[in-house]
Amino acid sequence: MSQELMIFPWQHAVWAGLIAQRKTLPHAMLLRGPAGIGKLQFAQALSKALLCQQPQADGHACGVCASCGWFAQGSHPDFRLLAPEQDQADEDAPAPAKTTTKKTQISVAQVRELGGFLELSSHHNDGVRIALICPAEGLNVASANALLKMLEEPPPGVVFLLVAHQPQRLLPTITSRCRKVDMPVPDMQGALSWLNEQGVDQAEVRLAYAGGSPMAARDQAEGSKPLELILAQLARGAGADAYSLATMLNALGMAEAMRVLQKWLYDLLACRFAVQARYHILHNAALQALAKSVDLAQMLELQRKLDDAYRSATHPLNNELQLESLMLQYVQLFSAKTRT
């Protein structure tokens with residue numbers, strides 16, 4: 001089994017429960033829980049196991065049959081993964097200026113293409129086919145309604161696996177047609193133990209920033225440079241380059257950019273009231289210093305705008321312009337106090 005398709009120690013009980021019902025699983029399941037706890041990896045491992053021709057005694061895929069080989073190569077004829085695509089922006093721009101922006105929505109065209117897949121017969125006699133959708137909240141109204149028709153009249157042998165970090169954003173009609181599976185969140189000690197086994201440096205610091213989500217902490221360690229540059233700019237307060245910040249944040253995708261800023265303001269507000277930073281342990285001193293000069297009323301107003309922007313993160317707005325406006329307001333949080 002590849003490293004990416006391992007389930008995690010805190011998922012064993014859920015895995016055993018589903019595998020025990022292998023022959024009677026419902027046609028649609030909603031795996032829900034906070035981001036960064038390994039839901040997608042679990043869904044991929046389950047998909048591979050259900051398609052495996054010679055599953056092991058514990059239900060895991062054998063890793064050697066033809067089906068496992070196709071799955072590992074990303075070419076299994078009975079499996080489809082729906083996820084937001086990526087835009088290659090500025091393809092004609094010089095290499096240093098070329099950027100890749102993350103889409104946050106699963107389009108209706110993608111769902112219609114899935115419909116074409118479901119019309120085909122299974123490659124194997126057992127007839128199992130799997131459609132994995134992640135994140136399910138990436139479905140917009142049109143694509144969700146297109147999927148709803150498939151959930152209402154599922155073809156024989158098809159299993160829909162929907163993975164959701166924010167299940168409250170799904171259409172109730174989608175949720176009602178799925179069995180809900182609450183994915184477990186590891187306790188602090190279990191998460192730290194796993195991160196240490198993965199060789200993640202500063203595991204405690206990264207886990208704090210990730211809000212207790214071990215996968216997010218590991219991913220942060222692997223791609224931490226952009227985030228570190230953003231936090232370094234935010235720590236400059238009135239001296240931050242708002243336009244540079246907006247560009248770096250835009251590269252993260254709007255939803256992730258809002259999460260970064262919401263965590264920073266959460267800690268800034270905590271330090272304003274003489275409480276330690278929760279997420280940014282390494283930046284506690286900088287946050288304490290900034291908190292002394294921040295305009296509280298303006299910060300609360302900015303916090304409200306970030307919440308609004310997060311809720312509309314999947315809308316096709318001009319994100320960079322919106323981020324520039326927000327970052328100019330961030331810089332002014334400290335400028336106003338300095339002028340008085």
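Colleague: In strand β6, which residue is the bridge partner of Ile-133?

Modeller: This is a predicted model, and in it strand β5 covers residues 129-133 while strand β6 covers residues 158-164. The two strands pair in the parallel sense over five bridges. Within β6, the bridge partner of Ile-133 is Leu-162.

Colleague: In what order do the five strands of the open sheet stand?

Modeller: The pairing in this sheet is parallel. Strand β1 pairs with β6 over five bridges and with β7 over four bridges. Neighbouring strands are turned by 20 degrees against each other on average, with direction ignored. The order of the open sheet is β2-β5-β6-β1-β7.

Colleague: Which strands stand at the edges of the sheet?

Modeller: An edge strand here has a single partner strand, so one of its sides is left without a neighbour in the sheet. This applies to the strand at residues 79-82 and to the strand at residues 179-182. The edge strands are β2 and β7.

Colleague: Is Leu-30 buried or exposed, and at what relative accessibility?

Modeller: Leu-30 is found in strand β1, and four of the five residues of β1 are buried, so this strand is largely enclosed by the rest of the structure. Leaving aside residues up to four places away in sequence, Leu-30 touches a set of residues including Leu-162, Pro-167, Cys-178 and Val-181. The C-alpha atoms of Leu-30 and Ala-164 are separated by 7.1 Å, although the two residues are 134 residues apart along the chain. Leu-30 counts as buried because its relative accessibility is 0%.

Colleague: At about what angle to β6 does helix α5 run?

Modeller: Helix α5 comprises residues 141-152. It lies across β1, β5 and β6. Its angle to β6 is about 140 degrees.

Colleague: Are α12 and α14 roughly parallel or roughly antiparallel to each other?

Modeller: The axes of these helices come within 10 Å and cross at roughly 155 degrees, and the crossing is left-handed. In the contact between them, residues of α12 including Met-258, Leu-261 and Leu-265 meet residues of α14 including Met-299, Leu-302 and Leu-306. An angle over 145 degrees counts as roughly antiparallel. The helices α12 and α14 are therefore roughly antiparallel.

Colleague: Is Gln-202 buried or partly exposed, and what is its relative accessible area?

Modeller: Gln-202 lies in the loop between α7 and α8. Although it is not a glycine, Gln-202 has a positive phi of about 50 degrees. Gln-202 is partly exposed, and its relative accessible area is 41%.

Colleague: Is Ala-274 buried or exposed, and what is its relative accessible area?

Modeller: Ala-274 lies in the loop between α12 and α13. Its phi is near 60 degrees, a positive value in a residue other than glycine. Ala-274 is exposed, with a relative accessible area of 70%.

Colleague: What percentage of the residues in the protein chain is buried?

Modeller: The protein chain has 15 helices and seven strands. Among its contacts between residues at least 6 apart in sequence, 69% join residues at least 24 apart. Of the 340 residues in the chain, the buried ones make up 47%.

Methods. Residues are numbered from 1 along each chain as its sequence is written. This is a predicted model: local features need pLDDT of at least 70, side-chain atom pairs count only at pLDDT 80 or more; totals for chains, interfaces and linings use all residues. Side-chain values use heavy atoms; hydrogens and water are left out. Two strands pair if DSSP finds at least two bridges between them. Axes are lines fitted to C-alpha atoms, for helices over the stretch in contact, and angles run from 0 to 180 degrees between N-to-C directions. Contact means heavy atoms within 4.5 Å. Angles under 35 degrees count as roughly parallel, over 145 as roughly antiparallel, 65 to 115 as roughly perpendicular and the rest as oblique. A crossing is left-handed if the near helix is turned anticlockwise from the far one by less than a right angle, and right-handed if clockwise. Buried means under 20% relative accessible area, exposed over 50%, partly exposed in between (1.4 Å probe, protein chains only).
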